[in-house]
Structures are given as structure tokens and as C-alpha cells.
Amino acid sequence: MVERTDVLVIGGGLLGTAIAWSVVSSGADTVVLEKDQVNRHASGQNAGSLHFQLEYRMIANGLKEAQRAAEAMPLHLDAAQQWATLSGSIGEDLHVSAAGGLMLAENSEQALRLEEKIELERSWGLDVELVTGSELHRRFPYLAPHVVAAAFCPIEGKANSRLVAPALARAAARRGASIRTRTTVTSIARQGNRWRVGYHRDTSETVYIEADSVVLAGGIWTDQLLAMLGVSLPVYPVALTMVATVRARRALPQLIQHVGARLSLKQTGEGNFLIGGGWPATFRSTVAGSPRLDVAPSLVASSVQRSVLVAQRVLPELRSAAVLRMWTGATTLTPDQLPLLGAVPGRSGIFVATGGSAFTLGPTFARLLALLIMGVTPDLDITPYDPRRFES
């Protein structure tokens, strides 16, 4: 006997659990299939930054690419609102804080680039200001004396990435969603006017479930899921490095980025500094040369060293904080830096969300996809993120 549901979500990270919570709250029968455990992969391996300014990777290659990346700013603004109310909505404390975020410049050339970025962000409605000189060091005395300018965005902050997806899964389950872990999807095929998904769970026997709508929220496995549908879209996995220090005195309330270097820096409530910002790790390869997604990427020594050096350069407090641990994670990107969000081309009833700042934007992705699934026109124009833009 084949099981049936209204909505099937593939992926049990922040995005998948947020989508499940959103659609089950609208009255739809919902099932989540997660290949490992909830929050086992990217959602639980990242540092929990809520970056609403354009990140270094979005501006490093000049104004034209920055302008393209800024087309995601409506999603950033909406996400800030979603994060502000998420803990109250699901009834669990997600340790969300919004003490603001800084993007730093260490010289006059970087300061000019910062001004250009601020002008672009303001044109999209982001609240961000340029702070320089003595005013900068009066307001943010923990910064190194040679830092000359910073873009300050008051709505930026952080959340506890270890808590969010499990809490969303529990909230979805309380409303009737079925969260199934250790399930490996093996096929997705059209069956009449529904989609039939085959999966196995700790055994070699494949079972099937049919759904009106299927959401691909599998992160770095998105390409493999699309391949089951005979669809190819340009999404690719990126391996990243994170570093945590031992606990130190509370010295950094804000989130820190850098306009001229990879950096994402914050301090947890327990006092540990978390350092990231896009420093690469390395995927292991299959015999055919493709990245192995079933094992954690390998650390790159130079990435660890350089990430710590950049952080110590702008935050002297870090120089006395020993490294506690290092780890790797992964995310997906697209060639134009914008997310994939919407219906999969030519596959009615299949939806996808991935790419871009997926942790930061996860609650907004979920809200908008839930509207699409329910047949409601989203209140934001998601045309720039439509997967059809990559159709040849």
C-alpha cells in the first residue's frame, strides 16, 4: 500500500523543518524525509550568523556583481522580520539576538568600497550607516585602532544553529507533521496527478509515498535530487571552514564582517568566539572525480590560519583566546549568487529552495514556498530567484 500526503519535504535542516512547520500550520498533511538526523548537516554546522548586509563574496568582484547580489535584498529584509518573531511563533527560545553587525575597512581604499556598498544597500531599503574615526572607536571600543571605518546595520545578529532546526521540527510535529529520519530518497517520479517518491529507511526495501507537492530542501544534495527528475540546474556545493575558541570574557556583542577579506566573527553567550566567513575546505573526491557529499570535507590548514589571523587583526581581544576546535561544513551557491526559489521548470508540483545565505534566509524561503504550495501569490516578487532563469 502506498502512503499519501499533501506535501512531502525532502531535507531536515533549518529550511526543510521551517517549510514543514509553515505548510502544516496552513492545514496541509506534511511529511519530512531526512537522510540522517535533523540538523545533521549545513544547518547545524554553520555558525548561526544573521547577515543582512551584502557579504564579502557578493562584493569582492566589483559593483556589477554586487548589484546583482543585491537583488536578494527584499529577502534579507523579510528574513530580519521573520527571525525577530520566530522564537515566539514556535514557542521555543532560539537564542536569537540582534545587537547589530559591522562590516569593517582597514584602509582608505576599503573605506571607499564600503561607501559604495552602503549606497547600494540603502537604495534597497536596508538600514545601514557609515561610522568612521573617533566615533567608530567610541561606539565600538573593542576594534583595533587601525580600523578606519565600518558599515553598521542594527538589525543584524545571530541565532543558535544547534537549536533552530530541531525546535522547528518539534513545532511541526506538534501540529501533525511526520518527521522521518535516516531515510534515503531513491526516486521521484510522476504517478498520475501526484508525485511518487521512493525511499528506504535503514533497510534495502524501498517504500513509496505519494504527494501533491514535493519540496527539495536537501542543501548540497539538491543537484542529485534534481537529477532524479531529469532536471539540471547550476547549483554547486562549497566546502567551508569554521573555528571556535575557548571561552573568553564577554567583549563582542556585534556580528563582524570585513569588506576586504573573508570574515564572519561573533561571540556566543558562553563566551566562545566563532570565526568563519567563507574560508574554503576541501571535498574528498569519488573515483570519477566528483565531490563526496557523504563525508565531511577536509580542513585546509591555510584557511584555518588565515581566518584566525584576519579575526585577530581587527579584534585584539582574540589574541589571547586559544583555538578550541575546528570543523567544516558545506553550502550551495549558484553562478549569479542569487538563490533558487520557486517551482522546478517543467515539473508541476515540485519546488526547490537553495543557494545564497540559506541559514539567514531559511524562514523567508519557507514562508514564500508555503504560499506557493497553497496556491497563493507571494507578497514578495520572487521572479529574480525563479529557477527558470537558468533554462537554456
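Predicted model: local features only at pLDDT ≥ 70, side-chain atom pairs only at ≥ 80, totals over all residues.
**Entry 1, overall form.** I then looked up the extent along the principal axes, and found that the C-alpha atoms fill a box of roughly 70 × 45 × 40 Å. Going through the secondary structure, I noted eleven helices and 18 strands in the chain. Of the contacts with a separation of 6 or more, 70% are accounted for by residues 24 or more positions apart.

I looked up the burial next, and buried residues make up 55% of the 392 residues. The chain exposes about 16300 Å², and carbon and sulfur atoms supply 50% of that area.

I noted 37 positive and 34 negative charges in the chain, with their mean positions 6 Å apart. Side chains of opposite charge can pair when their charged atoms come close. I therefore looked for salt bridges, counting a side-chain nitrogen of Lys or Arg within 4 Å of a carboxyl oxygen of Asp or Glu, and the count came to 22.

One of the pairs I looked up is the salt bridge between Arg 68 and Glu 71, whose closest N and O atoms are 3.0 Å apart. Arg 68 has a relative accessible area of 29% and is partly exposed, and Glu 71, at 22%, also counts as partly exposed.

I asked myself how Glu 135 and Arg 138 are placed in helix H7. They are three residues apart in this helix, which covers residues 133–139, and are thus separated by about one helical turn. Glu 135 is partly exposed, with a relative accessible area of 34%, whereas Arg 138, at 57%, counts as exposed.

Arg 196 lies in strand E10 (residues 194–201) and Glu 210 in strand E11 (residues 207–216), so the pair ties together parts that are 14 residues apart in sequence. Arg 196 is partly exposed at 24% relative accessible area, while Glu 210, at 4%, counts as buried. I also noted that salt bridges with shared partners join Arg 4, Arg 194, Arg 196, Glu 210 and Asp 212 into one network.

Which residue in the loop between helix H5 and strand E4 did I look up? It was His 95, and the loop runs between H5 (73–90) and E4 (101–105). The phi of His 95 is near 55°, a positive value in a residue other than glycine. With a relative accessible area of 41%, His 95 is partly exposed.

I then turned to Gln 337, which has a phi near 70°, again positive in a residue other than glycine. Gln 337 is found in the loop between strand E16 (323–333) and strand E17 (340–343). Is Gln 337 buried or exposed? At a relative accessible area of 14%, Gln 337 is buried, because the cut-off for that class is under 20%.

Notes. Residues numbered from 1 in each chain as written. Heavy atoms only, no water. Helix = DSSP H or I, 4+ residues; strand = E, 2+ residues; numbered from the N terminus. Buried < 20%, exposed > 50% of the residue type's maximum accessible area, 1.4 Å probe, protein only. Contact = heavy atoms within 4.5 Å. Areas by Shrake-Rupley, 256 points an atom, 1.4 Å probe, with all protein chains shown as cover. Lys, Arg positive; Asp, Glu negative; His and termini not counted. Charge placed at Lys NZ, Arg CZ, Asp CG, Glu CD.
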